[in-house]
2 protein chains.
Amino acid sequence: MNSFTPIENLGRNQLIDKIKQEERFKRDEVIYGIGDDAAVIRNSDFESSLISSETFVESVDFDLTIAPLHHLGYKLSMAAVSDIVAMNGLPVGITVNLALPNKVSVEMVEQFYKGVHYAGEVGQFELIGGDITATRGPLVISITAYGKADSEQITYRSGAKPDDAICVTGDLGGAIAGLRVLLREKEGFDQTEAETTQPELDKYEYVVKRQLLPNIRFDFLQLLDLQRILPSSMIDISQGLIHDLQQILTSSGVGAHIYQAAIPIATETRQVADEMETDVDRYALYGGEDFELLFTISKEDMEQLYNHFDDFSVIGKITEEKQLLIQGADGAEINIDFSAESN
Amino acid sequence: MNSFTPIENLGRNQLIDKIKQEERFKRDEVIYGIGDDAAVIRNSDFESSLISSETFVESVDFDLTIAPLHHLGYKLSMAAVSDIVAMNGLPVGITVNLALPNKVSVEMVEQFYKGVHYAGEVGQFELIGGDITATRGPLVISITAYGKADSEQITYRSGAKPDDAICVTGDLGGAIAGLRVLLREKEGFDQTEAETTQPELDKYEYVVKRQLLPNIRFDFLQLLDLQRILPSSMIDISQGLIHDLQQILTSSGVGAHIYQAAIPIATETRQVADEMETDVDRYALYGGEDFELLFTISKEDMEQLYNHFDDFSVIGKITEEKQLLIQGADGAEINIDFSAESN
C-alpha cells in the first residue's frame with residue numbers, strides 16, 4: 001500500500017505517460033493536450049491558441065552565479081516562447097511566476113523583469129500575468145507561454161515521414177560551449193577573488209551569447225509563412241539534438257539516419273571544445289539550449305527552402321525502420337536505442 | 001549600485017506595479033494584462049481567451065501533513081480555475097508544473113494527478129500540459145488555467161459603481177475553520193503517535209471539506225448566463241473577504257460600506273470558532289480559500305437575481321468615498337485603510 005518508488009526509477013517520460021492515461025475528461029476544443037511542445041486549442045475554424053508551461057529551478061536549470069538576472073529573465077522568457085515557435089506559432093504573451101527565497105532583493109527582481117520585458121520587445125509578446133510568492137528553498141521560476149497559430153500550419157512532432165530530410169537551423173553546441181566557458185571563468189574567479197579580475201570573455205563572445213541570450217528563430221517562421229512551406233514535423237532544440245530528435249521519432253513512429261559530418265557547428269564552438277579537450281560532436285549531439293529548430297521536410301519543399309534561406313543544414317533523413325543511426329565522419333555507424341527512456 | 005532591498009520592505013503589490021511600469025511592448029489583442037484575476041486576450045469579435053497562473057509552495061501555501069495529495073491536486077487545480085470563473089469565464093484546460101524534492105515518490109505524484117483529473121471532471125476542463133523537474137527545496141506546484149469567455153460578459157475588478165450592492169455567494173470563513181480543525185488534529189495525532197488513533201473529523205465534515213475540497217461556483221456562472229445578468233465587478237475570495245474586496249475597490253476607484261451582521265457564516269464555522277475561542281468574524285473577514293464569488297451588482301439586477309437564486313447574500317454597498325467602512329452588529333464602525341499595501 002504505502003510503496004515508495006523514487007521518480008528516477010520510473011523516469012519522467014513514463015511518469016507523464018502514466019498521468020496521461022488517467023485522464024477522465026476531454027473537451028472538444030482541445031485539439032492536442034499533453035505530449036508536444038505546446039497544447040493546441042481551437043479558437044475558430046482557422047485559428048488556434050497554443051499554451052506551454054515550464055518550470056526552472058535554481059541550481060538545476062540555471063546557475064545564478066554565472067547568469068546575471070536580466071540575462072536570466074531574457075533567456076527563460078525566450079525558452080518559454082520557443083515552444084510556441086516550435087509549433088509554428090507566434091507568442092502573444094507570457095505569465096511569469098516567481099517563488100523567491102529571501103536572498104533575492106527587489107533590485108534583483110527588477111533586473112530579472114528588465115530581461116523579461118526586453119525579450120518581449122524582441123519577440124513581440126507581452127508579460128500578461130503571473131505571481132510572486134515566498135519560498136525557503138531555491139529560486140523557482142515558472143513561465144507559461146501563450147500564442148496563436150493558423151490551425152492548418154501547426155507543426156507537430158508527429159508528422160515526420162520516411163524519406164523526409166532532417167534539418168536544423170543555425171548551428172549547434174554553442175550554448176553548451178558557452179556554459180563551459182562561463183563555468184571555467186567562475187572557477188578562475190573564485191580562485192583569485194582577492195584580485196580585481198575582469199572576466200576574459202570577449203574572445204568567446206559568440207558562445208557566451210548563445211548560452212545567455214539565445215536567438216529564437218522567428219525569422220524562420222516568417223520565411224515558412226512567406227514561402228508557404230510547411231515542415232512535416234518540428235521541435236526546438238532545448239534538451240539536445242539527439243534527445244529532441246528522439247521525441248520526433250517516437251511521436252512519428254519512424255527512425256532516422258544522421259550524418260554526423262553534416263551537423264553545423266560554429267568555429268568558436270570548435271575552438272572551445274578543443275580548449276576543453278572535448279569532442280565537439282558531443283556538444284552538438286547532446287548539448288541543449290541552442291533553441292534552434294529541428295524539423296523534417298519533404299524533398300521538394302526542402303529544395304524550395306534552399307532557394308530562399310541559407311541558414312539551415314540537412315543532417316540526415318527519416319527512415320521507415322525505427323532506429324536512430326548516426327554515421328560518423330569516418331563511416332562508422334552507431335545505433336542509439338530510443339525506445340527506452342532517454343531523459 | 002548594489003543595494004539590497006528585501007521584498008517585504010516594498011510589498012508584493014508595489015513590486016508588481018513597478019514591474020508593470022517597465023513594460024515595453026504592447027500587443028493589440030491583449031485586452032487586459034497584469035492586474036485582474038486573469039489576462040484577457042481577444043480571439044474574435046465576440047470571444048476571448050483567459051489566462052491565469054499561480055505558484056504554490058510547500059509550507060507556505062500548503063501543508064503536506066494535513067492535505068492528502070489527491071486532495072491537494074484537486075484543490076490547487078480548482079484554485080487555479082477559480083480565477084477564470086471570477087472573470088465570468090469557463091475553464092478549458094490547465095497546465096501543471098511540479099518541482100519535486102526526492103522525498104516525493106511516483107505513487108505520490110500519481111495521487112496528486114488523480115486529484116487533478118477529478119477536478120477536471122467536476123469542472124469540465126482538461127490537463128493540457130506542464131512539466132516535472134527536480135528540486136532540492138520544497139515541493140513547488142505551478143498551475144496555469146486557460147479558459148474562454150464571451151468578451152461582452154467578462155467581469156473585471158474595475159467595474160464597481162457607487163450604490164451597487166456588494167454580494168457574496170455561499171458562506172465565508174469555512175475554509176479557515178477547516179484548516180484550524182486539521183491543524184489541531186495533526187497536533188493531537190503527533191502527541192499520541194504510538195496509539196492507533198482515528199482522526200475525529202466526522203463532526204467537522206463541512207468545514208474540513210471547505211478546506212480540502214473547495215467548491216467553485218460554476219452554478220452561479222450558469223445562472224448569470226441564463227438570466228442575462230452581469231455583475232459590475234467580480235473576484236473570487238481566495239485571500240479573504242477584506243483583502244479581495246480591497247482589490248475591487250482599488251481597481252474601481254470606489255469605497256465600500258459593509259454590514260458585518262450580513263456576512264454569511266455557516267453554523268459549523270461558528271461552532272469551530274467557539275471551540276477555538278476565536279471571533280468568527282475574523283474567519284469570515286480575513287480567512288482565505290473559500291473560493292466563493294464576491295461581486296458588485298446594480299440594485300435592479302440584484303432584485304432579478306433574488307428571484308432565481310438564493311445562495312448569495314448582500315453584505316454592503318459601494319460608496320463614492322474611497323474608504324472601507326465595516327459596521328459591526330453593535331453599530332460601531334471601523335474604517336480600514338486600503339490605500340496602503342494590504343498583503
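Visitor: Which side chain does A:Glu275 meet in a salt bridge?

Guide: A:Glu275 pairs with A:Arg184, at 3.1 Å from N to O. Keep in mind as we go that this is a predicted model.

Visitor: Where do those two sit in the chain?

Guide: A:Glu275 is in helix H9 (residues 267-275) of chain A, while A:Arg184 belongs to helix H5 (residues 174-191). The pair links distant parts of the chain, 91 residues apart.

Visitor: And how accessible are A:Glu275 and A:Arg184?

Guide: A:Glu275 is partly exposed, with a relative accessibility of 34%. A:Arg184 is partly exposed too, at 31%.

Visitor: Which residues are joined into one network by salt bridges that share partners?

Guide: That network is made of A:Arg210, A:Arg217, A:Asp219, A:Glu292 and A:Asp311.

Visitor: How many salt bridges are there over all chains?

Guide: Searching the whole structure gives 29.

Visitor: What does A:Lys75 form a salt bridge with?

Guide: Its partner is A:Glu289, and the closest N and O atoms are 3.0 Å apart. A:Lys75 lies in helix H3 (residues 69-85) of chain A, and A:Glu289 in the loop between helix H10 (280-286) and strand S11 (293-297), so this pair ties together parts that are 214 residues apart in sequence.

Visitor: Is A:Lys75 buried or exposed?

Guide: Buried: A:Lys75 has a relative accessible area of 8%.

Visitor: How accessible are B:Lys26 and A:Glu126?

Guide: B:Lys26 counts as exposed, with 54% relative accessibility. A:Glu126, in contrast, is buried, with a relative accessible area of 1%.

Visitor: Let's switch to helices. At what angle do helix H4 of chain A and H2(B) pack?

Guide: The angle is about 30°, and their axes are 10 Å apart. H4(A) passes H2(B) in a right-handed crossing.

Visitor: Which residues meet there?

Guide: From H4(A) there are A:Val106, A:Val109, A:Glu110, A:Tyr113 and A:His117, and from H2(B) there are B:Leu15, B:Lys18 and B:Ile19. By type, the residues of this contact divide into five nonpolar, one polar and two charged.

Visitor: And inside chain B, how do the axes of helix H3 and helix H4 cross?

Guide: Helix H3 (residues 69-85) and helix H4 (residues 106-123) of chain B have axes that come within 6 Å and cross at roughly 40°. That makes H3(B) oblique to H4(B). The crossing of H3(B) past H4(B) is right-handed.

Visitor: Which residues are in that contact?

Guide: On the H3(B) side they include B:Leu69, B:Gly73 and B:Met78, and those they meet in H4(B) include B:Phe112, B:Gly115 and B:Val122. The contact of H3(B) with H4(B) holds 10 nonpolar, six polar and no charged residues.

Visitor: New topic: where is A:Val207 found, and is A:Val207 buried or exposed?

Guide: A:Val207 is in helix H6 (residues 205-212) of chain A. A:Val207 is buried, with a relative accessible area of 0%.

Visitor: What does A:Val207 touch?

Guide: Leaving aside residues up to four places away in sequence, A:Val207 touches A:Gly174, A:Ala177, A:Gly178, A:Val181, A:Glu268, A:Thr269 and A:Val272. The C-alpha atoms of A:Val207 and A:Ala177 are separated by 6.0 Å, with the two residues 30 apart along the chain.

Visitor: One last thing: what is the phi of A:Ser59 and of A:Asn88?

Guide: Most residues other than glycine have a negative phi. A:Ser59, not a glycine, has a positive phi of about 75°, and A:Asn88, also not a glycine, has a positive phi of about 70°.

Visitor: Where are A:Ser59 and A:Asn88?

Guide: A:Ser59 is in the loop between strand S3 (47-57) and H3 of chain A. A:Asn88 is in the loop between H3 and strand S4 (90-100) of chain A, and A:Asn88 is buried, with a relative accessible area of 12%.

Note on methods: Residues numbered from 1 in each chain as written. Chains lettered and ligands numbered in written order. Predicted model: local features only at pLDDT ≥ 70, side-chain atom pairs only at ≥ 80, totals over all residues. Heavy atoms only, no water. Salt bridge = Lys/Arg side-chain N within 4 Å of Asp/Glu carboxyl O. Helix = DSSP H or I, 4+ residues; strand = E, 2+ residues; numbered from the N terminus. Buried < 20%, exposed > 50% of the residue type's maximum accessible area, 1.4 Å probe, protein only. Axes fitted to C-alpha atoms, helices over the stretch in contact; angles between N-to-C directions. Parallel < 35°, antiparallel > 145°, perpendicular 65-115°, else oblique. Left-handed = near helix turned anticlockwise from the far one by under 90°. Contact = heavy atoms within 4.5 Å. Nonpolar A, V, L, I, M, F, W, Y, C, P; charged D, E, K, R; others polar.
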